[in-house]
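Here are my notes on how the two chains meet. Please read them with the model open.

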Amino acid sequence: MVSDRPEGHVRDSFEQRRRLLVSGGATVIALLAALTPRPASAISWRNKLALFRRAFPVQPDRTEALRMVDYVVDGRAPRADLVTLEIPDLVENGEVVPIKISVDCAMTADDYPQIVHIFALDNPYPEVARYHLFPENGDAEIDMRCRMRKSSEIVAVAEMSDGSVGVAERHVDVTLGACS
Amino acid sequence: MKAIRRISVPKKVKKDQVFTVRTLARHKMEPGVRFDADRFVVTPRHLLQEVLCHYNGQLVFRAEWFSAVSANPYLTFKVKAVESGEIKVTWIDDYAVETFAAAAIEVIDDPKS
């Protein structure tokens, strides 16, 4: 009777049994591993958050930055020659980019820049600073240092007290970008 | 690291003269995106958010800063001289901790000018 069967059949059945045993054993071991209480994870929730932020960092978004500028300008036609930006064309260190903004106005109660916005378009957080000025300033001139991730435009928007708007844009080449 | 807040204004100015206030703060201005490989964490954000300048108690300048302001932030702006008194610059950080620096200024009424 045994000789009637093909030889491979016996070997196959052995193989099947062996496989079943191995896979069953593996399942039992996996179940045991899942059920046994493990010691508190070495990675705390804060490190998990860090891992998350490392895996999904905020990326610079140029269209979003331009939308922020458009939101501030709000469809108003910018006045010509109002805002001047003084930045060196080539900056070696993106951590320290010297920016000088001056607004050419009379600084009286009805002609002064209420808010001066500064945007760096290729930064993950494009807004750099917001300056609130008053007629007591006498002269709208601000000097500051900012960070830039890579070569991009810096946009300054001045919102005047009479509702008009001045825009200045300047491209800056950055050799070594900053983390910002 | 010791916190340094420094301002510099001219000691004597004429009336209605526009003078420069130069300010410097020693601060890391941590943007909260840097990954510290040694401690395996993202360094938590710590910024100076706001700078206020009061001239004899009146607000004359206000700045809102975001993460793209460089470390050890330097800032200058102009103020018009009205009367002798005090220029006080206040820095407010993420945890609403206020630090300030103040300087006295003397305004000379020059009849010739």
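1. Start with Asp143(A). Its bridge partner in β8(B) is Thr76(B). Two bridges join β7(A), residues 140-146, to β8(B), and the two strands run antiparallel. Bear in mind that this is a predicted model.

2. A further cross-chain pairing involves β6(A). β6(A) pairs with β7(B) in the antiparallel sense, over five bridges. Here Tyr131(A) has Ala63(B) as its bridge partner.

3. Within chain A, β6(A) (residues 127-133) also pairs with β5(A) (residues 113-120). That pairing is antiparallel and has five bridges. Ile115(A) stands opposite His132(A) of β6(A). The hairpin that joins β5(A) to β6(A) passes through six residues.

4. Now the interface as a whole. On chain B, 29 residues are in contact with 34 residues of chain A. The chain B elements that give two or more residues to this side are β5 (41-42), β7 (58-65) and β8 (74-80). β8(B) supplies the largest share, seven residues. By type, the chain B side divides into 21 nonpolar, three polar and five charged residues.

5. Which residues have the most contacts inside the largest nonpolar core? They are Val128(A), Ala129(A), Cys146(A) and Ala156(A), in a core of 57 residues. Strand β8 of chain A (residues 152-160) gives the most to this core, with six residues.

6. Cys146(A) deserves a look. Leaving out residues up to four places away in sequence, Cys146(A) touches Val97(A), Ile99(A), Ala120(A) and Val128(A) in chain A. From chain B, Cys146(A) touches Ala68(B), Val69(B) and Ser70(B).

Methods: Residues are numbered from 1 along each chain as its sequence is written. Chains are lettered from A and ligands numbered from 1 in the order in which they are written. This is a predicted model: local features need pLDDT of at least 70, side-chain atom pairs count only at pLDDT 80 or more; totals for chains, interfaces and linings use all residues. A nonpolar core is a set of buried Ala, Val, Leu, Ile, Met, Phe, Trp, Tyr and Cys residues joined through C-beta atoms within 7 Å. A residue is buried if 20 or more other C-beta atoms lie within 10 Å of its own, exposed if 12 or fewer, and partly exposed in between; C-beta atoms are placed from the backbone. Helices (H or I, at least four residues) and strands (E, at least two) are DSSP runs, numbered from the N terminus. Two residues are in contact if their C-beta atoms, placed from the backbone, lie within 7 Å. Ala, Val, Leu, Ile, Met, Phe, Trp, Tyr, Cys and Pro count as nonpolar, Asp, Glu, Lys and Arg as charged, and the others, Gly among them, as polar. Two strands pair if DSSP finds at least two bridges between them.
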